[in-house]
Amino acid sequence: MGLFLGLGIVGIVLLALSLVLDGVLEGVLGGVLDGLFDGWLSLPVIAGFVSMLGFTGAIVLGTTGLGPTAATVAGVLAGLLAARLTWRLSRALMRDRSAAAPRGEDLLGTGGSVVTAIPAGGYGEVLLRVAGQPVKFAARSATPVQRGAEVWVEAALSATSVLVRPVER
């Protein structure tokens, strides 16, 4: 039973190391096995296998009278299941790509409203919709713009500030 518990603890330690040393095991071989096992030799997959082998083996050995061979077989089966689930989860997470972050040129022509009045030659604040979310930006304008006025973005001055002009109707 001590061997199985030891394997379970080693698996948990490997899992913790995989969180801290992300990608180190994959980088040790310098890309020699890239694509060969398609992620099966990743540290989280190995950690899942080893920990489930150990803990399942200890449970089977401690709760049944089947012996170490049956405990090992049960542990290997549970370890393979855990490895498969870990592999599938990691692949699903790797495929989950978010949209590209909006850039300055994506703001050009965006409409918004003035939150803090913009003085001539100074900064105020505008509320713009970026990717469907309201985002507050520092704003400059060639002319003074009152609070609540509708504006268009003419240029992105920085990641957090824009040049705007009032909408003329």
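How many residues does α1 have, and how far does it reach from its first C-alpha to its last? The model is predicted, so local features need pLDDT of at least 70 and side-chain atom pairs count only at pLDDT 80 or more, while totals for chains, interfaces and linings use all residues. Residues are numbered from 1 along each chain as its sequence is written, and side-chain values use heavy atoms, without hydrogens and water.

Helix α1 has 19 residues and reaches 27 Å, close to the 27 Å expected at 1.5 Å a residue. Helices are DSSP runs (H or I, at least four residues) numbered from the N terminus, and the expected span is 1.5 Å times one less than the number of residues. Phe 4, Gly 8, Gly 11 and Ser 18 of α1 are buried (under 20% relative accessible area, with exposed over 50% and partly exposed in between; 1.4 Å probe, protein chains only). These residues lie on the same side of α1 because they cover an arc of only 80 degrees around the axis, taken from the directions from the helix axis to the C-beta atoms. The face turned away from this buried side carries the exposed residues Gly 2, Leu 3, Ile 9 and Val 20. Val 20 counts as exposed because its relative accessibility is 65%.

The cover over the buried residues of α1 includes α3 and α4. Helix α4 (residues 68–95) has 28 residues and reaches 40 Å from its first C-alpha to its last, close to the expected 40 Å. Its buried residues are Ala 71, Gly 75, Ala 78, Gly 79, Ala 82, Ala 83 and Trp 87; their cover includes α1 (2–20) and α3 (43–63).

Conventions
Helices (H or I, at least four residues) and strands (E, at least two) are DSSP runs, numbered from the N terminus. Contact means heavy atoms within 4.5 Å.
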